[in-house]
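Hi,

Here is the structure I promised to pass on. My notes on the sheets, the helix packing and a couple of loop residues follow below it.

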Amino acid sequence: TAIKAPISLARPFFDKRETEAVSAVLESGWLIQGERVKDFENKLSIYTGASNSIAVSSGTAAIHIAFSALGIKAGDRVYIPSFAWPSAANITLLLGAKPILIDSSLSDYNIDTIELEKAIMQNHDNQNWRDFVVPIHQFGAPCNMNEITKIALESNAVLFEDSACALGTKIDGIHVGLQTIGGIFSFHPRKIITTGEGGAIITNDSDFASRCRALRNHGQRQTPGLNYRMTDMQGAIGSVQIDKLPEIIERREQLVAEYSSLLSVVKNIMLPVYITNGRTPDFPLQTMMIVIDPTIDRDQLVQSMRSEQVEVSVGSMAAHDLSYFKSDTEQNSCKNAELLMKRGLALPLHAGMTKADVHTVVECLTNSISTLTD
């Protein structure tokens with residue numbers, strides 16, 4: 001079937017409401033953090049059930065502020081999954097702490113709790129540092145927080161969630177980011193909602209929230225701080241996006257259900273457990289990542305699909321493979337993270353797609369695999 005138009009990997013779900021909201025900010029003359037940011041924070045708190053939402057300039061800024069507010073410092077150890085965008089690992093290094101990179105499960109791409117427990121117990125004899133565990137809800141799939149919490153309690157480690165991809169995901173009715181002292185979100189254009197760049201910290205701990213707010217805005221005479229404020233233009237976009245979030249999630253759910261059905265019969269790929277055998281997840285999926293069989297050159301597959309105007313990409317990175325982590329981290333075996341990095345393929349997924357687009361993507365995937373295996 002001829003492809004009529006390019007299908008992008010990700011695309012913001014915008015209409016005239018965002019344009020009008022930004023125009024109103026420009027006309028007001030007040031561009032930096034103000035009432036629109038406050039409105040966005042209020043809506044985020046209502047949506048997640050958080051007592052406090054602190055909007056900032058990016059998801060990485062949210063991690064920097066949160067880690068600083070937690071008191072992570074030189075000598076501390078931070079346990080992070082290797083297979084993830086390396087923001088949390090980067091900030092750990094920048095604060096002088098030691099990232100301990102943990103392997104992921106092939107079933108849901110999240111941190112392997114057995115490997116986490118093994119690593120944290122190996123290091124626990126020495127009490128000259130504090131331990132922090134940062135589970136990352138990869139692509140929106142919730143981590144096994146019951147097991148992670150148990151491990152953290154046994155080792156006296158502080159827990160904090162990287163929920164960058166997981167807006168809308170809940171565990172037992174409680175939003176991710178509120179399973180621990182707090183969590184962060186990213187509002188990058190590939191996320192569930194976007195403010196261009198942007199991020200937020202949510203928490204029910206008022207003291208922690210106060211420290212985060214001070215750090216966001218030059219320290220507010222309490223502490224040396226940063227300028228990680230969100231602009232009112234971003235806040236205005238975010239407010240509209242939050243209003244549209246139920247529609248965005250519903251559209252994504254329909255697309256994921258279609259993918260789940262169609263991909264179940266495609267050969268030479270491995271699916272995450274939450275879409276295996278036509279299953280559909282009970283959380284909003286941020287990225288549709290599959291794993292390509294080793295008999296197929298993943299990079300050639302990417303080129304083949306892009307040549308047919310279907311934009312696909314690698315799933316994510318594995319931090320242990322980056323040169324500056326190899327010398328600065330304690331190496332654990334991350335064979336699954338290595339596989340996911342080298343064989344992962346992200347398929348188009350965004351609220352502006354149609355079910356027909358999903359059929360086109362899967363047809364293109366099937367044809368490209370067939371060509372490469374002939």
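Let me start with strand β1 (residues 52-56): five of its five residues are buried, so β1 is largely enclosed by the rest of the structure. Buried here means under 20% relative accessible area, exposed means over 50%, and partly exposed is in between, with a 1.4 Å probe and protein chains only. Helices (H or I, at least four residues) and strands (E, at least two) are DSSP runs, numbered from the N terminus.

Before you go further: this is a predicted model, where local features need pLDDT of at least 70 and side-chain atom pairs count only at pLDDT 80 or more, while totals for chains, interfaces and linings use all residues. Residues are numbered from 1 along each chain as its sequence is written, and side-chain values use heavy atoms, with hydrogens and water left out.

**The mixed sheet**

Back to β1, which is covered on both faces: Asn 52, Ile 54 and Val 56 are buried on one side, and Ser 53 and Ala 55 are buried on the other. In a regular strand the side chains alternate between the two faces of the sheet.

β1 belongs to an open sheet of four strands with mixed pairing, in the order β1-β10-β9-β6. The edges are β1 and β6 (161-162), each of which pairs on one side only. Two strands count as paired if DSSP finds at least two bridges between them. β1 and strand β10 (residues 199-203) run antiparallel and are joined by five bridges, with Ala 55 opposite Ala 200 in β10. On to strand β9 (residues 183-186): four bridges link β9 to β10, again antiparallel, and Phe 185 stands opposite Ala 200 in β10.

Two helices go with this sheet. Helix α3 (residues 59-70) lies across β1, β6, β9 and β10 and runs at about 165 degrees to β9. Helix α7 (residues 206-216) also packs on the sheet, touching β1 and β10, and its direction makes about 20 degrees with that of β1. For such angles, axes are lines fitted to C-alpha atoms, for helices over the stretch in contact, and the angles run from 0 to 180 degrees between N-to-C directions. Contact means heavy atoms within 4.5 Å.

**The parallel sheet**

There is also an open sheet of four strands with parallel pairing, in the order β3-β2-β4-β5. Its edge strands are β3 and β5 (158-159), each pairing on one side only. Four of the five residues of β3 (residues 98-102) are buried, so β3 is largely enclosed by the rest of the structure.

Strand β2 (residues 77-81) pairs with β3 in the parallel sense over five bridges, and Ile 80 sits opposite Leu 101 in β3. β2 also runs parallel to strand β4 (residues 131-133), joined by three bridges; there the bridge partner of Tyr 79 is Val 133 in β4. Helix α5 (residues 113-122) packs on this sheet, touching β2, β3 and β4, and its direction makes about 145 degrees with that of β3.

β2, helix α4 (residues 87-94) and β3 form a right-handed β-α-β unit. Right-handed means that, with the strands pointing away from the viewer, the path from the first strand over the helix to the second runs clockwise.

**Helix against helix**

α3 packs on α4 at an angle of about 45 degrees, with their axes 9 Å apart. That makes α3 oblique to α4: angles under 35 degrees count as roughly parallel, over 145 as roughly antiparallel, 65 to 115 as roughly perpendicular and the rest as oblique. Thr 60, Ile 63, His 64 and Phe 67 in α3 meet Ser 87, Ala 88, Ile 91 and Thr 92 in α4.

The axes of helix α2 (residues 35-48) and helix α8 (residues 232-263) come within 6 Å and cross at roughly 25 degrees. That makes α2 roughly parallel to α8. Residues in the contact include Phe 40, Leu 44 and Tyr 47 of α2 and Ile 242, Leu 245 and Ile 249 of α8.

**Two loop residues to look at**

Gln 220 lies in the loop between α7 and α8 and has a positive phi of about 45 degrees although it is not a glycine. At 39% relative accessibility, Gln 220 is partly exposed. Arg 221 is found in the loop between α7 and α8, and its phi is positive too, near 65 degrees. Arg 221 is exposed, with a relative accessible area of 90%.

Cheers
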